[in-house]
Amino acid sequence: MNDPSAPPTSGNTNFTQGILILTIVPTTVSATIAGLRFATRAWIVKAWGWDDSTMLFAIFGTSIGMALDFVEVHYGFGRHKQYLTPHELQEFQKYTWGEWIQTFATLMGTKVSICLFLLRIPVTKWLIRPLQAALVVLVVSNVILTILWIVQCRPVAAAWDESLNGTCFSKDQLRSIVFAQA
């Protein structure tokens with residue numbers, strides 16, 4: 001079995017350019033499409049709704065995520081961790097920890113926006129109640145999962161600073177939090 005601490009056989013490869021392209025292009029395309037929708041809803045149709053506001057929140061969150069990707073690339077995102085300095089690795093882990101909080105909020109904003117949009121369509125209670133229940137479940141579960149992510153380690157900074165020797169959730173527990181959010 002390979003030693004996980006050994007340098008990879010591919011060497012000090014750098015995938016940061018691809019990461020930035022895969023961040024910039026979809027964010028720009030989605031922000032442009034959403035901007036056109038916002039312009040239509042606000043100035044042409046004149047029917048701005050809560051779904052539009054939560055979509056705007058999600059687009060703003062995606063832009064924050066893109067900015068965090070730039071910071072993460074600066075600290076080594078796209079390179080093997082064996083080639084990062086201890087400072088780069090710690091800073092990368094810190095910004096990645098924060099980006100997951102942003103991701104949870106952005107995903108919630110997107111899901112809530114879809115539910116609010118769908119609430120405009122039905123006219124009967126048997127169609128409206130499930131959507132209202134989904135909204136409550138989405139918000140409550142997102143708050144719980146975000147709090148669990150924030151307090152995954154004691155002290156909190158142990159999530160990115162291994163020198164603190166804190167107690168943290170296992171990788172399986174963290175993976176479960178991420179999967180439950182998705």
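Hi everyone, let's start with the order of elements: along the sequence, this chain reads α-α-α-α-β-β-α. That gives five helices and two strands, where helices (H or I, at least four residues) and strands (E, at least two) are DSSP runs numbered from the N terminus. Before going on, a word on provenance: this is a predicted model, where local features need pLDDT of at least 70, side-chain atom pairs count only at pLDDT 80 or more, and totals for chains, interfaces and linings use all residues. Residues are numbered from 1 along each chain as its sequence is written, and side-chain values use heavy atoms, with hydrogens and water left out.

Now the overall shape. Along the principal axes, the C-alpha atoms fill a box of roughly 60 × 35 × 30 Å. Of the 182 residues, 30% are buried; buried means under 20% relative accessible area, exposed over 50%, and partly exposed in between, with a 1.4 Å probe and protein chains only. The accessible surface comes to about 11,500 Å², and carbon and sulfur atoms hold 70% of that surface. Those areas come from the Shrake-Rupley method with a 1.4 Å probe.

On to helix packing. How are α3 and α4 oriented to each other? Helix α3 (residues 86-119) and helix α4 (residues 125-150) pack at about 175 degrees, with axes 10 Å apart, and they are therefore roughly antiparallel. The cut-offs are under 35 degrees for roughly parallel, over 145 for roughly antiparallel, 65 to 115 for roughly perpendicular, and oblique for the rest. Axes are lines fitted to C-alpha atoms, for helices over the stretch in contact, and angles run from 0 to 180 degrees between N-to-C directions. Among the residues making this contact are W97, W100 and F104 of α3, and L131, L135 and W149 of α4. Contact here means heavy atoms within 4.5 Å. By class, the α3 and α4 contact has 20 nonpolar, three polar and one charged residues. In that scheme Ala, Val, Leu, Ile, Met, Phe, Trp, Tyr, Cys and Pro are nonpolar, Asp, Glu, Lys and Arg are charged, and the others, Gly among them, are polar.

Helix α3 has another partner: its axis comes within 10 Å of that of α5 (residues 171-181), crossing at roughly 25 degrees. That makes the pair roughly parallel. On the α3 side we find W100, F104, L107, M108 and K111, meeting I177, V178 and Q181 of α5. This contact divides into six nonpolar, one polar and one charged residues.

The peptide bond from R154 to P155 is cis, with omega near -5 degrees, and P155 sits in the loop between β1 (153-154) and β2 (167-168). That loop also holds N165, a non-glycine with a positive phi of about 50 degrees. N165 is exposed, at 67% relative accessible area. K46, in the loop between α1 (16-44) and α2 (50-74), has phi near 55 degrees, again positive without being glycine. At 64% relative accessibility, K46 counts as exposed.

Thanks, everyone!
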